[in-house]
Amino acid sequence: MNKRNVTIAIIAVAAVLFGACRRPYETVFSTYKNGSPKLVFIVVDGKNGQVERLGEKMYYENGKTMYEKHFAGNKPTGDWKFYYENGNLHAEGNFDSNDSTGSNWRFYNDKGEDFYGEEYDSMAVLDFTADHRPLSVTYYKGNSEMRFQFNDNYTINTKGRVVNGLKEGRWEFYYANGQKMLEANYAGGKENGAYNSYRDNGVPYFRGFYINGQRANIWEFYDDAGNLAGTKDFDIH
């Protein structure tokens with residue numbers, strides 16, 4: 001074999017070996033107490049013994065995927081997906097053209113249906129967590145906006161309508177376990193109407209009423225067992 005052929009053979013073997021080394025693989029970064037994977041990195045071997053992160057997966061303790069992310073260097077890229085604990089898709093977006101907020105976002109409820117069942121002109125993800133998880137999304141129609149904010153487990157934390165930049169109608173706030181925390185009514189950006197608060201087990205905390213942003217009428221306060229513990233009259237009727 002002449003020198004030229006030897007050189008070509010060496011290059012070919014090196015390419016094969018380098019390609020094998022560059023093959024992506026998964027490495028478990030953290031686990032749950034039961035030993036099941038929690039956070040898994042998808043990596044390839046790089047230079048000087050370093051590894052390059054291509055993606056990561058987070059799992060629920062029941063083994064179902066919580067999210068899938070992809071990276072180019074340290075920047076988000078490709079399709080990102082987030083899942084409810086039952087395995088259904090919560091949100092999906094693409095970071096190819098915008099590595100800070102992504103694009104082409106879609107959201108779903110825990111039954112696998114489109115998250116917002118009403119008609120709308122457009123939607124936008126307004127806030128993200130530090131690790132690029134969608135935190136709040138707004139659906140627009142005319143001068144009205146329907147806003148949603150999510151808990152860490154993708155359940156709804158807050159939902160309510162804004163008209164001409166002001167809160168309008170009923171707003172609801174929830175604990176991560178799905179129990180309602182607070183329901184409030186607004187008109188022109190001010191509290192107006194029933195204003196009810198609950199503990200994370202569903203037991204009422206207090207019930208009251210607002211008129212034009214001020215507490216009004218008789219408010220009721222409850223103990224941990226849900227028994228009426230006291231009242232206060234705010235003198236506006």
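**Close-up views of a predicted model**

**View 1. Phe 71 and its surroundings.** Setting aside neighbours within four places in sequence, Phe 71 is in contact with Arg 53, Leu 54, Gly 55, Glu 56, Pro 76, Thr 77 and Trp 80. This is a predicted model, and here Phe 71 belongs to strand S4. Is Phe 71 buried or exposed? With a relative accessible area of 10%, Phe 71 counts as buried because the cut-off for that label is under 20%. For a sense of distance, the C-alpha atoms of Phe 71 and Ile 42 are 9.6 Å apart, while 29 residues separate the pair in sequence.

**View 2. The largest nonpolar core.** Welcome to a set of 24 residues, in which Phe 107, Phe 115 and Phe 148 touch the most other members. At least two residues of this core come from each of several strands, including S2 (37-45), S4 (65-72), S10 (134-141) and S11 (144-150). Another core, of 11 residues, lies apart from it; Trp 171, Ala 184, Trp 219 and Phe 234 are among its members.

**View 3. Around Phe 148.** Which residues does Phe 148 touch, not counting those up to four places away in sequence? They are Phe 115, Tyr 116, Leu 135, Ser 136, Val 137, Tyr 139, Ile 156, Thr 158 and Lys 159.

**View 4. Confidence along the protein.** The average pLDDT is 90, and 90% of the residues score at least 70. Strand S14 (residues 180-187) has the highest confidence, at 98, whereas helix H1 (residues 3-21) has the lowest, at a mean of 43. Over residues 3-20, pLDDT stays under 50, and the model has one contact beyond four places in sequence for them. A friendly caution: where pLDDT is low, predicted coordinates should not be read in detail.

Definitions and conventions
Residues numbered from 1 in each chain as written. Predicted model: local features only at pLDDT ≥ 70, side-chain atom pairs only at ≥ 80, totals over all residues. Heavy atoms only, no water. Core = buried A, V, L, I, M, F, W, Y, C linked by side-chain atoms within 4.5 Å. Buried < 20%, exposed > 50% of the residue type's maximum accessible area, 1.4 Å probe, protein only. Helix = DSSP H or I, 4+ residues; strand = E, 2+ residues; numbered from the N terminus. Contact = heavy atoms within 4.5 Å. pLDDT = per-residue confidence, 0-100.
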